[in-house]
Amino acid sequence: MPTAGNARSSLLVQLSPSRNAKLSFTVQLVLTLFWLAWATMLLLSDNPTNDQNYLYYIFFGLAVVFLGYVILQNTSVFGIQSYIEVTPEYIVQKNGVFRTKMITAIPDIEAVHVSPMALRITQRDGNKVYLDLKQIRKKRDIEKVKSRIRELSTQHNFEVTEANLA
């Protein structure tokens, strides 16, 4: 894959995956900590000679694994896991650790429709890609992404249309 530039030619914007989750990060964290406390209580309060004690260890292990999953998906403790990256060659959207990247090559773009909280990309082969900007934390970062797309449209000759706010 060719590289065309330095780190300044790439724009990386962090996403907040908990903004589109059915349960907020705080609720997920509280429920997981409750689960962990319950599993710990079961382990400490039960007689160790009980035949079903191994189930408590499995229950506790699953709570620890789920706590790790919640932290990985919603925080940047282990680095940025959810992001939109715009470079001179491609646009990448990654929505979390365990999700695949959506990669759109810039030369394959025919048109981009810019709305206040989304980008709709139409590729030359007719495929459509939707980039949700609601997950971007700062309004300034949303404007950076939009302005970078406008800059690339002049370099790569694709049409950019704006939604009218009336």
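Reply: Let me begin with a term: a salt bridge is a side-chain nitrogen of Lys or Arg within 4 Å of a carboxyl oxygen of Asp or Glu. The model is a predicted one, in which local features need pLDDT of at least 70 and side-chain atom pairs count only at pLDDT 80 or more, while totals for chains, interfaces and linings use all residues. Residues are numbered from 1 along each chain as its sequence is written, and side-chain values use heavy atoms, with hydrogens and water left out.

Me: What makes D141 and K144 a salt bridge?

Reply: The N to O distance between the side chains of D141 and K144 is 3.9 Å, and the limit is 4 Å, so the pair qualifies. Both residues lie in helix α3 (residues 139-156), three residues apart, about one turn of the helix; a helix here is a DSSP run of H or I with at least four residues, a strand is a run of E with at least two, and both are numbered from the N terminus.

Me: Is D141 buried or exposed, and how do you know?

Reply: Buried means under 20% relative accessible area, exposed means over 50%, and partly exposed lies in between (1.4 Å probe, protein chains only). D141 has a relative accessible area of 13%, so D141 is buried, whereas K144, at 38%, counts as partly exposed. Contact means heavy atoms within 4.5 Å, and D141 touches V13 and I136 when residues up to four places away in sequence are not counted.

Me: How many salt bridges does a search of the whole structure find, and what makes R148 and E151 one of them?

Reply: The search finds three salt bridges. In the case of R148 and E151, the closest N and O atoms are 3.1 Å apart, and these two residues also lie in helix α3, three residues apart, about one turn of the helix. R148 is buried at 13% relative accessible area, and E151 is partly exposed at 39%.

Me: What does the pair R150 and E162 tie together?

Reply: R150 forms a salt bridge with E162, and the closest N and O atoms are 2.8 Å apart. R150 lies in helix α3 and E162 in strand β8 (residues 159-162), so the pair ties together parts that are twelve residues apart in sequence. R150 is partly exposed, with a relative accessible area of 29%, and E162 is partly exposed as well, at 39%.

Me: Why is K146 not counted in a salt bridge, and what is the nearest side chain of opposite charge?

Reply: K146, which lies in helix α3, is buried yet has no salt bridge, and the nearest side chain of opposite charge, E143, is 4.1 Å away. For the word "opposite", Lys and Arg count as positive and Asp and Glu as negative, while His and the chain ends are not counted.

Me: What does the side chain of K146 reach?

Reply: The side chain of K146 reaches the backbone oxygen of S115 at 3.2 Å. Leaving aside neighbours within four places in sequence, K146 is in contact with V114, S115, P116 and L133. S115 itself is in strand β5 (residues 109-115), and S115 touches K146 and A163, again not counting residues up to four places away in sequence.

Me: How do you know that N157 is exposed?

Reply: The relative accessible area of N157 is 63%, and the cut-off for exposed is over 50%, so the label follows. N157 is placed in the loop between α3 and β8, and its phi is near 55 degrees, a positive value in a residue other than glycine.

Me: Which pattern does the protein follow along the sequence, and how much of it is buried?

Reply: The secondary structure comes to three helices and eight strands, and the pattern along the sequence is β-α-α-β-β-β-β-β-β-α-β. Buried residues make up 34% of the 166 residues in the protein. Among contacts between residues at least 6 apart in sequence, 56% join residues at least 24 apart.

Terms used. Polar contact = N/O pair within 3.5 Å; in protein donor to acceptor, adjacent residues only side chain to side chain.
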